Amino acid sequence: MTPDDVGASENLRGGFRDECGVFGIYGHDDAARLTYLGLYQLQHRGQESCGIVATDGNVLRQERAMGLVSEVFDEERLNRLPGVSAIGHTRYSTAGEVSVREAQPFLVGAGPHGQVAVCHNGNLPFATEDRKRLQSHGAIFTSTSDTEVVLHGIAQSGAATVLEAIPEVLRETEGAFSMLFLTPEALVAVRDPRGFRPLALGRLDGAWVVASETCAFDLIGAAYVRDVEPGEMVVIDEGGLRSTFPLPERPRSFCVFEHVYFSRPDSMVYGRSVNESRHKMGKRLAVEQPADADLVVPVPDSGVAAAIGYAAESGISFRFGLVRNHYVGRTFIEPRQSIRSFGVRLKLNPVRDLIRGRSVVLIDDSIVRGTTSKKIVRLVREAGARAVHVRISCPPTVSPCYYGVDTPNKEELIAAQLSVEEVCRFIEADSLGYLSMEGMLQACGLPADTSCVACWTGRYPTRISPRAETQYAREHEPVPSD
Ligand code: AMP
């Protein structure tokens, strides 16, 4: 499935963790409208709320609400955001706090530094500790978000200007942050020293743009220039673009899951094509985990690029044996008892003629809880498949992510509990094979020593606060599944 797939992500959500998209622009008369378009392209990174803060050089104005970008913003709302610079955000919200108070960008007006807005993709594992410290010095929080901690840090900093306060606070901040700040005078983009989450820099006419993924540039006709580097702070203002590296140097930890699942295949992430990575993962998967099958069928959409690679390498024909309904909204109301639960059928329907009597190799990017995979295997079998072989284009997912991708806690990660054979039995497949770590990294062109692979190994590149672990476990308590 894809990040915007309702059922799968509903299953997997349920914590204070964010999976988000950020977009920013400096120096364009249509700043808010272009931000709106950029966010439209980043919708897959978060669908619960969104927002834009824009400035005309004097005042920052904010519009944010629950809902999709297309639902939240209309002409009237965009007209309330005049100006030449803007930042915007799309977000998955928390389970406990599904509220507009959590929607970003955050904007503060008071304080020694005047107005500042911030939006963030990533996660700060020590936010709870930092929040307590700031509260003891008088900070009053309006959300449960880790991002607000940074804003209060800036407000309480003794630095003379916001531009000095930002690195002062972030120097002490551990975790994953691709962050954008907006003041009446400047747009600031900062990426944590490990570079967990992507952040790309582009050019549109005379204006500068920044975005989580380059697919946001394509729609507005901006050119991808380069990535904001790990540890880099880019300041864009009247004087142009200035780059500094004010954060302590750390080994790089690029999130590989961005290439496996999270980013769009038409994006360049860490300077590499996501589609190319997925295609190569599929090819390598065919070598490592061959299957005796008549058809290669992707689980749409997340399995498509890898399935094409698998088919190319194995010589088995690629067919769309599962068709996805793209119009399943979050507001869909299941009929009452009298009609059976639609489950995964609502989203995926097998092409019976194609599948009947055939041995099928089903390709997906990952198995998390295993519940969706089981339903899909059943669906294909009920459509008459002779055999269903499942192949996954990454290693078994065994540990939660503390750096901004929502995953359930360890107890619910099926591969953390069961062996590959047992998972195969659970999902009722005839065989199951995963791509190796080496194969995955090679396909993505990401060396092991500059990658974060914690969700597959449990080895985290930073310290993890015990509080964050406990809170994570509490907020990701098992959800009943049908
Ligand atoms: P399941 O079989 O229930 O573990 O679901 C597997 C599906 O969830 C796959 O199609 C994945 O593409 C999708 N998936 C993987 N990671 C995530 C995530 N963090 N959020 C939402 N869906 C995900």
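Strands, as I use the word here, are DSSP runs of E with at least two residues, numbered from the N terminus. I'm working from a predicted model.

**Entry 1, Asn121**

I started with Asn121 and found it in strand β6, which covers residues 116-123. Is Asn121 buried or exposed? I get 1% relative accessibility, and buried means under 20%, so Asn121 counts as buried. Next I looked up what the side chain does. It reaches the backbone oxygen of Cys20 at 3.2 Å. The Asn121 side chain also has a polar contact with the side chain of Arg45, at 3.0 Å. Then I listed what Asn121 touches, skipping residues up to four places away in sequence. Cys20 and Arg45 turn up again, along with Glu19, Val22, Ala176, Phe177, Ser178, Arg197 and Ser212.

Ile25 sits in strand β1, residues 20-26. Its relative accessible area comes out at 0%, so I put it down as buried.

Tyr40 is in helix α2, residues 31-41. I have it at 39% relative accessibility, so it goes down as partly exposed. Tyr40 forms a nonpolar surface patch with Leu37 and Leu219. Together the three have about 250 Å² of accessible area.

Where is Glu174? I found it in the loop between α7 (162-171) and β7 (176-182). Its side chain makes a polar contact of 3.0 Å with the side chain of Arg463. Beyond its neighbours within four places in sequence, I noted Glu174 in contact with Arg463, Thr462, Leu124, Pro125 and Phe126.

I checked the length of α13, residues 371-382. Its 12 residues reach 17 Å from first C-alpha to last, close to the 16 Å expected at 1.5 Å a residue. Which residues of α13 are buried? I wrote down Thr371, Ser373, Lys374, Ile376, Val377, Leu379 and Val380. I noticed that Lys374 is on that buried list. After the helix comes Gly384, and I read its phi as positive, near 105°.

Notes
Residues numbered from 1 in each chain as written. Predicted model: local features only at pLDDT ≥ 70, side-chain atom pairs only at ≥ 80, totals over all residues. Heavy atoms only, no water. Patch = residues over 30% accessible without salt bridge, like charges linked within 9 Å, V, L, I, M, F, W, Y side chains within 5 Å. Areas by Shrake-Rupley, 256 points an atom, 1.4 Å probe, with all protein chains shown as cover. Salt bridge = Lys/Arg side-chain N within 4 Å of Asp/Glu carboxyl O. Helix = DSSP H or I, 4+ residues; strand = E, 2+ residues; numbered from the N terminus. Buried < 20%, exposed > 50% of the residue type's maximum accessible area, 1.4 Å probe, protein only. Expected span 1.5 Å × (residues − 1). Polar contact = N/O pair within 3.5 Å; in protein donor to acceptor, adjacent residues only side chain to side chain. Contact = heavy atoms within 4.5 Å.
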